[in-house]
Structures are given as structure tokens and as C-alpha cells.
Amino acid sequence: APVKEVQSFSYLGSDISSTERDILIRIAKAWSALNNLRPIWKSSLPDNLKRNFFRAIVESILLYGSSAWTLTKKLENKLDGTYTRMLRAVLNKSWKQHPTKEQLYGKIPAMSTIIRERRTRFAGHCFRNKEELASELILWKPAHGFTHAGRPRLTYTDQLARNVGLRVEDLKNAMGDRNFWRERVELVRVTHPTW
């Protein structure tokens, strides 16, 4: 039977056609998991232990597939805001108490920084694994279609280059050198604000 053409589809739990739609799905699933763990959040466990539970369970649900996301500033803000609200729920802090980011996050970096770091690490790993199809696709840029008026949208490779402070043309050589790329991954967290 011929393959049917569709506008969107889900693969391994991720919406492949739209980063924005996939993020909305991930946020809903993460909130569901967070709400199911309410007895833990309401307990007298230390805040660091609650954060560790949160990161192991809820954050991993939220970030599933995030290595392939291309984020706009609006989506980054949405994720960072959601993460902050989730941490407030985990630590039983009302927004009326005006908790500082340091009180909420502890040593956890901002969600957008975590995603940048994951994206950078994932891209280098895929590029160096020449036996996988992803190796050829990681630096792919669409060369067809039409552009809309205004500033062009950033592609995955544009965001990757911006994250590591290189030009798109230099990514191939940089990712080929594992040690150099590892240094770039470490710089992602340093060069982007924590929260």
C-alpha cells in the first residue's frame, strides 16, 4: 500500500512536523507527571531531594526529543517560564511569596540553556557517527521552497552555529574534532545565562 501523505505525525512520542506542537505536548505530559507526584512535593523532604526527583522524572519527560528542536525566542521563554512554574509547584512556593530564581533553581541552569547544551552534544555525536543516516542530515539546510517576508527563520544548523559561536561553514570541521567540540559544549552553559 502506498504511504499516505499527512500534515503531522508522531514518532516515538514526539510530533515530528512542528517543534511548537511537540513542545506543547511535552509540557502537558510533564505537568501531568508533576501533578501525579503531588504527595512527594507536599512532603517534608529537603528541597534538593525534591529537585532531584523533579529532574529525574518530570524534566526528562519535558525534554524528550529536545535535541532536535529549533527554538524561537518565544518558545524559549515559554519553556523557561513553564520550568519556573513547575519548580514553584515542586517546592511549594507561591508566586505571591516572590521566591528568587536562586531559591527555586538552586544550581540548575535555565531550561533553554539545558536544551542548547543537549542540542550541541547530540549534533556532534550524530555527525561523528558516519554509519548513521543522521550524520549526513545534521548539517542539512533546505535549498527549496519560498521564503516569507521579514527575517528568515533560524534553521537547526543556524542555531547550532549560534550556540557554539561559530559560522555555519565552520561546523563540519569543528564537529569532526571531538575534543574541540567537547570544549564548545562546555562553553554553551558558560556563555548563556543561568536564569
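How do helices H1 and H4 lie relative to each other, roughly parallel or roughly antiparallel? They are roughly parallel, a label that goes to angles under 35 degrees, with over 145 counting as roughly antiparallel, 65 to 115 as roughly perpendicular and the rest as oblique. A word on the ground rules before the details: this is a predicted model, where local features need pLDDT of at least 70 and side-chain atom pairs count only at pLDDT 80 or more, while totals for chains, interfaces and linings use all residues. Residues are numbered from 1 along each chain as its sequence is written, and side-chain values use heavy atoms, with hydrogens and water left out.

Back to that helix pair. H1 covers residues 19-36 and H4 covers residues 73-90; they pack at an angle of about 0°, and their axes are 12 Å apart. The axes here are lines fitted to C-alpha atoms, for helices over the stretch in contact, and angles run from 0 to 180 degrees between N-to-C directions. On the H1 side, the contact (heavy atoms within 4.5 Å) involves Thr19, Glu20, Ile23, Leu24, Ile27, Ala30, Trp31 and Leu34. H4 brings Leu75, Lys78, Leu79, Thr82, Arg85, Met86, Ala89 and Val90 to it. Sorted by type, the residues of this contact come to eleven nonpolar, two polar and three charged. For that tally, Ala, Val, Leu, Ile, Met, Phe, Trp, Tyr, Cys and Pro are nonpolar, Asp, Glu, Lys and Arg are charged, and the others, Gly among them, are polar.

Zooming out, the chain has ten helices and two strands, both taken as DSSP runs numbered from the N terminus (helices are H or I with at least four residues, strands are E with at least two). In sequence order the pattern reads β-β-α-α-α-α-α-α-α-α-α-α. The C-alpha trace spans about 55 × 45 × 40 Å along its principal axes. Of the contacts with a separation of 6 or more, 65% join residues 24 or more positions apart.

As for burial, 38% of the 195 residues are buried, meaning under 20% relative accessible area, against over 50% for exposed and in between for partly exposed (1.4 Å probe, protein chains only). Helix H6 (residues 111-128) has 13 of its 18 residues buried, so it is largely enclosed by the rest of the structure. Its length checks out too: at 1.5 Å a residue H6 should span 26 Å, and its end C-alpha atoms are 26 Å apart. That expectation is 1.5 Å times one less than the number of residues. Helix H8 (residues 156-164) is mostly covered, with eight of its nine residues buried, including Tyr156, Asp158, Leu160 and Val164. Just after H8 comes Gly165, with a positive phi of about 70°.

Within H4 itself, Asn77 is partly exposed at 46%. Asn77 and Trp41 are 36 residues apart in sequence and 25 Å apart in space, C-alpha to C-alpha.
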